[in-house]
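Have the 3D view open while you read.

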Amino acid sequence: MMTYKNVMEALDWASSFLVDNGREETAARIVMQHILGTTYSGVMLHLQDTLTFEQSERFEKLIEEHASGRPVQYCIGSEEFYGRTFIVDESVLIPRPETEELVLATTNRIGQLFDNKTLKLADIGTGSGAIAISMKLECPELTVVATDLSVAALATAKKNAQLLAADIDFRLGDLTAPLVGEKFDIVLSNPPYIAFEEAKDMSSIVLEHEPHSALFAEEDGLVLYRKLAQQLPVLMNKPALIGLEIGYTQGEQVAQFFKESFPQASITVEKDINGKPRMVFCEIHV
């Protein structure tokens with residue numbers, strides 16, 4: 001074990017060790033928050049505190065695990081999303097900040113588009129449950145259904161819903177298959193959208209650990225948007241809202257799929273906080 005006395009010294013060691021191993025030094029602080037069970041500001045307030053032997057041992061083990069290539073979120077078993085802590089493991093994609101913007105943009109649109117409070121929302125390809133659970137907790141009046149093709153992902157999503165006390169109807173199946181015969185006011189999805197040929201430019205940490213079924217899709221990453229555009233018309237009420245996260249080069253093509261399926265709808269491509277096209281919204285009016 002390394003010899004250090006307090007939190008600050010442990011962070012200094014970990015930051016240097018991670019940089020030497022080609023990793024981001026910010027992971028040191030994320031692991032320390034996990035070890036101390038506190039926030040970023042909590043760590044800053046306790047820099048001079050002495051770590052116990054057990055804390056030091058766990059801290060080093062997790063830092064070394066991340067340095068070897070495992071994403072830090074999988075090492076500590078959680079990630080923050082929309083102000084809440086979600087369990088994550090290799091069965092699910094790690095929730096990204098861009099997806100928080102989909103949740104925010106949707107909640108903003110709900111009040112503008114709908115008069116009634118009893119709305120039904122489907123989250124297709126829920127993964128960790130981040131979108132479905134966040135929507136339910138931000139808008140408790142929603143009835144929320146969440147689907148996924150992966151049994152393991154649904155098990156993780158169910159754990160998150162239980163921990164965060166969100167009432168979600170989870171269903172196993174491919175895209176809209178578990179929703180057939182019902183009508184929805186809102187459908188959200190962050191499907192796999194990376195083209196297979198883009199893998200060569202991606203981080204080895206992502207490629208070696210995150211589920212490929214949640215990352216990659218055929219037809220240059222567009223196949224699931226095309227299928228959703230074809231399958232959703234029979235499932236939507238009027239008015240209705242469809243919101244999708246997209247790859248930043250895909251806005252025009254995804255918008256076109258939905259223009260063909262919903263010729264009367266208002267379809268917009270929205271940018272994320274970094275100014276990149278990241279969401280497509282389809283508003284279906286009466």
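## Ground rules

This is a predicted model, so local features need pLDDT of at least 70 and side-chain atom pairs count only at pLDDT 80 or more, while totals for chains, interfaces and linings use all residues. Residues are numbered from 1 along each chain as its sequence is written, and side-chain values use heavy atoms, with hydrogens and water left out.

## The annotated binding site

An unreviewed UniProt entry puts a "binding site" at Gly125, Thr126, Gly127, Ser128, Gly129, Asp148 and Asn190. Such annotations may be inferred rather than shown by experiment. These positions span 66 residues in sequence, yet no two of their C-alpha atoms are more than 11.5 Å apart, so they gather at one spot.

Take Gly125, in the loop between strand E3 (120-124) and helix H7 (130-138). Helices (H or I, at least four residues) and strands (E, at least two) are DSSP runs, numbered from the N terminus. Gly125 is partly exposed, at 35% relative accessible area; buried means under 20%, exposed over 50%, and partly exposed in between (1.4 Å probe, protein chains only). Leaving out residues up to four places away in sequence, Gly125 touches Thr147, Asp148 and Asn190, where contact means heavy atoms within 4.5 Å.

Asp148 belongs to strand E4 (residues 143-148) and is buried, with a relative accessible area of 11%.

A pocket here is an open set of points on a 1 Å grid over the protein atoms alone, where a 1.4 Å probe fits, with protein on both sides within 12 Å along at least five of seven lines; lining residues have an atom within 4 Å of a point. The second largest pocket is lined by 14 residues, and Ile30, Gln33, Ile76, Ser78 and Glu80 lie nearest its centre. Helix H2 (26-36), helix H5 (72-76) and strand E1 (78-81) each give two or more residues to that lining, with the largest share, four residues, coming from H2.

Most residues other than glycine have a negative phi, and most peptide bonds are trans. Tyr82 has a positive phi near 55 degrees and sits in the loop between E1 and strand E2 (84-87). Leu175 has a positive phi too, about 45 degrees, and is buried at 10% relative accessible area. Finally, the peptide bond from Lys238 to Pro239 is cis, with omega near -5 degrees; Pro239 is in strand E7 (residues 236-245).
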